[in-house]
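This report describes selected strands, a helix, nonpolar cores and individual residues. The sequence and structure come first.

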Amino acid sequence: MKIKIAELNEAISNLRMTISSLEEKIAKEESDKLEAVECYRKEKEARNEAEQMNVSLTTELEKVSNAKLAAEQKASQDEATKAKDILAIELKCLRDELKQIRDDRDRQLGQVQSLTGEVAKYKEYTGKSSEQLGTLTAKTSALEEVCTSQRQQIDMLQQQLSAEKEKLKIADLSHSETRTVFEDQKRIIGQLRERLEEKEQQVIEGESLRKKLHNTILELKGNIRVFCRVRPLLPDDGPATDMVVSFPSSTEALGRGVELTQSGQKYSFTFDKVFNHKDSQEDVFTEISQLVQSALDGYKVCIFAYGQTGSGKTYTMIGRPGPPELKGLIPRSLEQIFLVSQALKDQGWKFTMQASVLEIYNETIRDLLSPTENPGKKYTIVHDANGKNTYVPELTIVDVCGADEISTLLQKAAQSRSVGRTQMNEQSSRSHFVFTLRISGVNENTEQQVQGVLNLIDLAGSERLSKSGATGDRLNETKAINKSLSCLSDVIFALAKKEDHVPFRNSKLTTLLQPCLGGDSKTLMFVNISPDPTSTGESLCSLRFAARVNSCEIGIPRRQTSTKLSDPRLSYG
């Protein structure tokens, strides 16, 4: 028994030594496990950094793609896109490998926990056979091999991560080069835009100087300025392909020339300005705004529209109700007068303005602002002693202080004006419409006084009886209109030939316009043209008449700055 006990004690000692050895191995395995966990943590941090770098790389690649697209660097963009796709594929592979390693780690942790439980059981049952110890030893060896394999995989992933970092550096360098090229091209584009704006400004200044010199020459010559406006084709006209009016594009005639084709023959005309069918009301007013402002400077200004029925005279002068862009020259001119007069208050100027509106209907003057209807009342035209100013006694004169009051007066006058329906125009003006604004200004600082007059006239349209189909009252109106316009032609021809006698008194219209046509007024005529092929004859007559008007010299405009006009009633001079 003693021998047996000694052998058992020796066996126990051996087992204890074996257990100590196993505990050391288990401690070492736990240390290795902690190292594996630490390596996993580092690996996770590296993966997060790789993901962050991937996000940053993706953002940078998108910026590079946009910059290359703006700089039209398509080849570089394709390379960057391919690099991005390759990196995305490699990153996906890395993520798959990391997921596999994570799964292996979780499985190994479970195995370590299971092994730890088995060791605890072994400690409690020290009497178990050595076969179990061998099994544990085998499992431990297997775990060691797995850990070694994982270390190798981690080393491989670290090498791949280093390679990806190198690729990122190369991509950053490519992005920097592309951005430099883009900035250079952007700077060049900015310089070209600045040069373009500078050239455009020079063109605008040159055109402004040309207009100013042209107006100065005309004022020195005393010529009547003539603007031509061609209205667009209307639904009642012929098709657009039959348009008989064209506009030359040569440098000399651009914006000043118009051509009319009749029976295969082309007639060319040149005026101070030509507006085509695409020009707006604002475009037209911009050209005459300086002339309108001359009335505030103390000049006599007269603007009248001439043309056949339906050519757009009333639309040009008065416009249409509705949107502001449809307003004609009369409301726009008056708005500018009041706007500028308010601005001149800072320079000590104080202006008073009086307005009147009349029409010449069947050689009879009618007061369109009269508070009471008096169709039988007769008005006369009176000239002052020197013949430079004309007025109509007993005509209603209204003091105005703003554009709103003028708008109300124009509406009232338009409702009172004579209109009628003909075969050429649904709303044909059957009278000559004359709006007059007299302006008196005093500078309280210099005591300088100015007196200006602004006459804005919408003439009735010329028409042929065969086309208008006028009968009854319309027939009498047509005869009166054509007679007054014929008298206007006689006056223009006499002025052009510089005859000693000019027949101003042959009609009420020419008598009223005498100061504008034969005095020291700044006068502008709009000749309105219809592009309708059926109106070619009337349009040609209108253009020929306008060319004759353009050649008339009526005297140099003079500014009235000395004293107030003797007659308090409104002057048409």
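## A three-stranded sheet

An open sheet is built from three strands in the order β2-β3-β4, with antiparallel pairing. The edges are held by β2 (245-246) and β4 (265-270), each with a single partner strand, so one side of each has no neighbour in the sheet. Two strands pair if DSSP finds at least two bridges between them; helices (H or I, at least four residues) and strands (E, at least two) are DSSP runs, numbered from the N terminus.

The model is predicted: local features need pLDDT of at least 70, side-chain atom pairs count only at pLDDT 80 or more, and totals for chains, interfaces and linings use all residues. Residues are numbered from 1 along each chain as its sequence is written, and side-chain values use heavy atoms, with hydrogens and water left out.

Two bridges join β2 and β3 in the antiparallel sense. Contact means heavy atoms within 4.5 Å. Not counting residues up to four places away in sequence, E259 touches V244, V245, S246, P248, K266, Y267 and S268.

Buried means under 20% relative accessible area, exposed over 50%, and partly exposed in between (1.4 Å probe, protein chains only).

| Residue | Relative accessible area | Class |
|---|---|---|
| E259 | 16% | buried |
| G307 | 0% | buried |
| G312 | 23% | partly exposed |
| K378 | 74% | exposed |

G307 lies in strand β6 (residues 300-307), while G312 is in the loop between β6 and α5 (313-317). Leaving aside neighbours within four places in sequence, G307 is in contact with K313, A460, G461, S462, N528 and S542. An unreviewed UniProt entry lists G307, Q308, T309, G310, S311, G312, K313 and T314 under "binding site". UniProt positions are given in the numbering used here, feature names are shortened, and annotations may be inferred rather than shown by experiment.

Strand β7 (residues 349-361) pairs with β8 in the antiparallel sense over four bridges, and E359 has R366 in β8 as its bridge partner. The two strands form a hairpin with two residues between them, and N362 in the turn has a positive phi of about 50°.

K378 is in the loop between β8 (364-367) and β9 (382-383). Its C-alpha atom is separated by 7.4 Å from that of T364, 14 residues apart along the chain.

Helix α4 (residues 281-293) has 13 residues and reaches 18 Å from its first C-alpha to its last, close to the 18 Å expected at 1.5 Å a residue; the expected span is 1.5 Å times one less than the number of residues. A kink of about 45° is centred on E287, where the bend is the angle between axes fitted to the seven residues ending there and the seven starting there. The buried residues of α4 are Q281, V284, F285, I288, S289, L291 and V292.

A nonpolar core is a set of buried Ala, Val, Leu, Ile, Met, Phe, Trp, Tyr and Cys residues joined through side-chain atoms within 4.5 Å. The largest has 49 residues, of which C228, V258, F271, L517 and M525 touch the most other members. Helix α9 (residues 473-496) gives this core its largest share, seven residues. Another core, of 41 residues, lies apart from it and includes L291, A295, V357 and L437.
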